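Take a look at the chain below. Then follow it step by step.

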Amino acid sequence: MPHQPALSSPVLPARGTIADAVFAELRQAILELRLPPGTGISEAEIARRMGVSRQPVREAFIRLARTGYLRIQPQRRTEVVKISVREVLNARFIREALEVAVVREACAGDSAALVERLGENLKLQRAAQAADDRREFHHLDDMFHRLIAEGAGCGFAWTLIDEQKAQMDRMRFLSLAFGQPAVYDDHMAIFEAIKAGDPAAAEVAMRTHLGRLNQHLVRLKAEFEQFFDDAKEA
């Protein structure tokens with residue numbers, strides 16, 4: 001490979017295996033496009049670069065294939081799957097349906113504890129935005145939505161969303177090069193609606209927020225057509 005993006009040695013988690021650590025590092029590298037869509041990789045190559053044996057890499061590859069990030073081709077190099085426009089839009093449809101219901105539920109009860117947690121999260125988002133720390137901002141973005149689901153007593157909904165958004169996550173990370181201010185402002189609008197206990201305003205804010213994906217998709221397809229496997233689709 002002419003250019004080899006940086007891969008960290010796997011950090012063994014407190015509870016887990018080397019395969020778990022390899023999976024986490026490769027997943028992050030794919031999400032952040034350090035391993036761009038369409039890149040060919042092999043077990044031997046990744047094992048050498050990460051300083052591990054091939055077995056945990058093989059296990060991580062299988063898990064990443066199930067996630068939708070890798071295409072394992074027998075007798076050929078494994079490939080990082082390109083971003084599917086269709087799957088991104090499908091995931092957005094599922095996410096909007098669930099998150100609109102969740103945010104309305106969050107407004108229905110006593111939201112004081114949730115408002116406090118979201119407020120702290122937003123302060124961290126602001127700091128990450130100021131530092132242009134896209135990895136941290138992406139993490140805090142996910143945490144913001146998860147906190148709403150858990151605060152509404154709908155943690156299971158975030159689990160369902162998380163299982164569907166692998167393709168969307170790479171597109172979201174790409175969009176952070178220009179989209180962090182709008183994401184933060186959207187989150188503030190959602191926060192204020194929850195704080196006010198206004199489910200109608202919360203729904204509008206959430207739909208506006210998730211609807212930005214379509215705008216970002218048009219721009220990113222034009223700028224990074226090589227990353228999409230169906231870039232001509234709407």
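This is a predicted model: local features need pLDDT of at least 70, side-chain atom pairs count only at pLDDT 80 or more; totals for chains, interfaces and linings use all residues.

Begin with a pair of helices. Helix α5 covers residues 112–130, and helix α8 covers residues 166–196. Their axes are 11 Å apart, and the packing angle is about 165°. An angle over 145 degrees counts as roughly antiparallel. Therefore α5 and α8 are roughly antiparallel to each other. The crossing of α5 past α8 is left-handed.

Which residues of α5 and α8 meet? On the α5 side, find L114, V115, L118, G119, L122, Q125, R126, A128 and Q129. On the α8 side, find Q180, P181, Y184, H187, M188, F191, I194 and K195. By type, the residues of this contact between α5 and α8 are 10 nonpolar, five polar and two charged.

Stay with α8 and turn to its contact with another helix. Helix α9 runs over residues 199–223. The axes of α8 and α9 come within 9 Å, crossing at roughly 160°. That angle makes α8 roughly antiparallel to α9. Here the crossing is right-handed. From α8, the contact takes in M168, M171, L174, S175, F178, A182, V183, D186, H187, A189, I190 and A193. From α9 come A201, A202, A205, M206, T208, H209, R212, L213, H216, L217, R219 and L220. The residues of the contact of α8 with α9 split into 16 nonpolar, five polar and three charged.

Look again at H187. This residue is on the list for α8 against α5, and it is on the list for α8 against α9. H187 also has a partner in a further helix. Helix α6 spans residues 134–151, and D141 lies in it. The side chains of D141 and H187 make a polar contact at 3.3 Å. What else does D141 touch, leaving out residues up to four places away in sequence? Its contacts are R172, V183, H187 and H209. Is D141 buried or exposed? Its relative accessibility is 6%, so D141 counts as buried. The cut-off for buried is under 20%.

Now move to helix α3, residues 54–67, which holds P56. P56 has a relative accessible area of 9%, so this residue is buried. Setting aside residues up to four places away in sequence, P56 touches I18, A19 and V22. Compare its position with that of A113. P56 and A113 are 57 residues apart along the chain, and their C-alpha atoms are separated by 41 Å.

Most residues other than glycine have a negative phi. L33 has a positive value instead, with phi near 65°. Where does L33 lie? Find it in the loop between α1 (18–31) and β1 (40–41). L33 counts as buried because its relative accessibility is 13%.

D132 also has a positive phi, near 50°, and is not a glycine. Its place is the loop between α5 and α6.

Terms used: Residues are numbered from 1 along each chain as its sequence is written. Side-chain values use heavy atoms; hydrogens and water are left out. Axes are lines fitted to C-alpha atoms, for helices over the stretch in contact, and angles run from 0 to 180 degrees between N-to-C directions. Helices (H or I, at least four residues) and strands (E, at least two) are DSSP runs, numbered from the N terminus. Angles under 35 degrees count as roughly parallel, over 145 as roughly antiparallel, 65 to 115 as roughly perpendicular and the rest as oblique. A crossing is left-handed if the near helix is turned anticlockwise from the far one by less than a right angle, and right-handed if clockwise. Contact means heavy atoms within 4.5 Å. Ala, Val, Leu, Ile, Met, Phe, Trp, Tyr, Cys and Pro count as nonpolar, Asp, Glu, Lys and Arg as charged, and the others, Gly among them, as polar. Buried means under 20% relative accessible area, exposed over 50%, partly exposed in between (1.4 Å probe, protein chains only). A polar contact is a pair of N or O atoms within 3.5 Å; within protein, one must be able to donate a hydrogen and the other to accept it, and residues adjacent in sequence count only if both atoms are side-chain atoms.
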